[in-house]
Amino acid sequence: MNPKPNIVNLPVYKPGKPIEEVKKELGLDDVIKLASNENPYGASPSAKAAIIADLDNLFLYPDGSAAELTAALAGHLGVQSENIIFGCGSDEIIALICRAFFLPGDETIMADQTFSVYKSNADIEGAVSIEVPLADGTHDLNGMLARITDKTKVIWICNPNNPTGTIVAHEALVTFLNAVPSGVMVVLDEAYFEYVTDPDYSDGIKLLEQYPNLVVLRTFSKIYGLAALRIGYGVASPQIINLINKVREPFNTSRLAQAGALAALADQDYVAECRRLNSEGIVQLQTEFRRLGLHAFPANGNFIMVDVRKPALEVFDALLRLGIIVRAGHRLYPTYIRVTVGSAEQNKAFITALEQTLSEQEVRA
Ligand SMILES: Cc1ncc(COP(=O)(O)O)c(C=O)c1O
């Protein structure tokens with residue numbers, strides 16, 4: 001068997017540990033997962049009702065173009081249906097962009113560190129990833145501009161950035177977009193857009209008209225609480241959307257995902273409430289980190305990256321044994337863990353476990 005040479009050394013993506021696996025492995029009854037930036041409050045009740053109402057239609061293929069959902073989202077965002085493509089999560093839109101645009105040897109620029117799916121999909125297509133170190137946990141936009149060559153096809157800006165949670169402010173983003181050659185695509189990943197409350201943050205959709213080389217990614221997996229359904233989307237010029245659509249599978253989003261997303265989109269009160277609770281959770285966690293003397297990056301999504309000043313993988317294991325799943329193993333941040341902002345109660349349980357873990361490790365050291 002002869003696979004493409006560029007995939008031979010690719011690692012398989014390691015997701016956050018599932019709750020059921022941890023319960024079984026460690027014999028725990030209660031496990032709190034704060035590892036995958038899911039919404040701790042779940043989906044809107046109206047989204048659940050819409051999914052249940054569609055269960056009698058499981059035998060039918062979905063509408064491959066997701067026309068009803070696309071029209072509703074276009075109205076919500078103030079764009080045309082032709083500007084939107086849906087994917088099996090925004091993960092799939094990333095993969096489709098790489099599939100549609102990269103030839104082996106093309107270059108693509110991204111931050112180091114950022115969401116790993118950009119690089120893994122670029123690798124699959126044989127493109128060369130140019131990783132530009134973050135400055136203070138934030139995208140170094142000038143550093144990224146300096147790496148543009150005539151081979152550059154796509155630049156990825158994760159805003160807020162996963163895993164650090166930092167944002168690129170509106171003005172800096174506009175200055176950057178003005179400097180990027182019009183033939184280079186900029187993908188602005190706004191998976192956590194709805195959580196951001198900083199007035200300096202920009203709304204990528206509003207930049208689309210001025211920058212035809214821009215693609216904005218968003219998802220129903222985060223604030224909408226529909227991660228299990230796998231539905232996200234890209235917004236861009238009709239020309240770009242048309243090109244991406246050429247490499248999309250015919251039925252890439254399910255009926256239930258479309259039904260759930262349509263109802264979730266209509267329930268903006270629920271979104272606003274989740275945003276409010278998340279902001280409270282950020283304050284709660286940041287207050288505790290300050291009390292414990294731990295540095296954390298400014299959090300703008302529904303997660304915080306905090307320096308536990310110990311090997312993060314050890315702290316991860318110790319927290320796991322106490323029934324709390326977080327994320328560790330960030331190559332450039334070996335003493336940082338990334339924790340999803342949970343409910344007030346979950347955050348409290350996490351802080352108690354963290355304090356216990358850090359003091360136990362101190363005793364041992
Ligand atoms: C920055 C970023 N982009 C995209 C995604 C993918 O989200 P999904 O495929 O669930 O829409 C994630 C998921 O964690 C993310 O953190």
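The largest cavity is lined by Asn39, Pro40, Tyr41, Tyr195, Cys274, Asn278, Val341 and Gly342, where a cavity is, on a 1 Å grid over the protein atoms alone, a set of points where a 1.4 Å probe fits but cannot get out, and lining residues have an atom within 4 Å of a point. The structure is a predicted model, in which local features need pLDDT of at least 70 and side-chain atom pairs count only at pLDDT 80 or more, while totals for chains, interfaces and linings use all residues. Residues are numbered from 1 along each chain as its sequence is written, and side-chain values use heavy atoms, with hydrogens and water left out.

About 30 Å³ of space lies in this largest cavity, a volume being the space filled by probe spheres set on the grid points, which are joined across faces, edges and corners. The count comes to 1 cavity of 30 Å³ or more. Its lining divides into 5 nonpolar, 3 polar and no charged residues, with Ala, Val, Leu, Ile, Met, Phe, Trp, Tyr, Cys and Pro counted as nonpolar, Asp, Glu, Lys and Arg as charged, and the others, Gly among them, as polar.

The largest pocket (an open set of grid points with protein on both sides within 12 Å along at least five of seven lines) holds about 1,500 Å³ of space. It is lined by 48 residues, of which Tyr13, Lys14, Phe115, Ser116 and Arg327 are the closest to its centre. Two or more lining residues are given by each of helix 4 (90–101), strand 3 (107–112), helix 5 (117–124) and helix 11 (312–321), where helices (H or I, at least four residues) and strands (E, at least two) are DSSP runs numbered from the N terminus. Helix 5 provides the largest share, 4 residues. By class, the lining of the largest pocket has 19 nonpolar, 14 polar and 15 charged residues.

The ligand sits in the largest pocket, in the sense that more than half of its atoms lie within 2 Å of the pocket's grid points. It is surrounded by 13 residues, the closest being Ser90, Asp189, Tyr192, Thr219 and Ser221, and a residue is counted here if one of its heavy atoms lies within 4 Å of the ligand. This shell has 4 nonpolar, 5 polar and 4 charged residues. An oxygen atom of the ligand lies 2.5 Å from a polar side-chain atom of Thr219; the corresponding distance is 2.7 Å for Tyr192 and 2.9 Å for Lys222. The protein covers 92% of the 400 Å² of accessible area that the ligand has on its own, with areas taken from the Shrake-Rupley method with a 1.4 Å probe.

Methods. A polar contact is a pair of N or O atoms within 3.5 Å; within protein, one must be able to donate a hydrogen and the other to accept it, and residues adjacent in sequence count only if both atoms are side-chain atoms.
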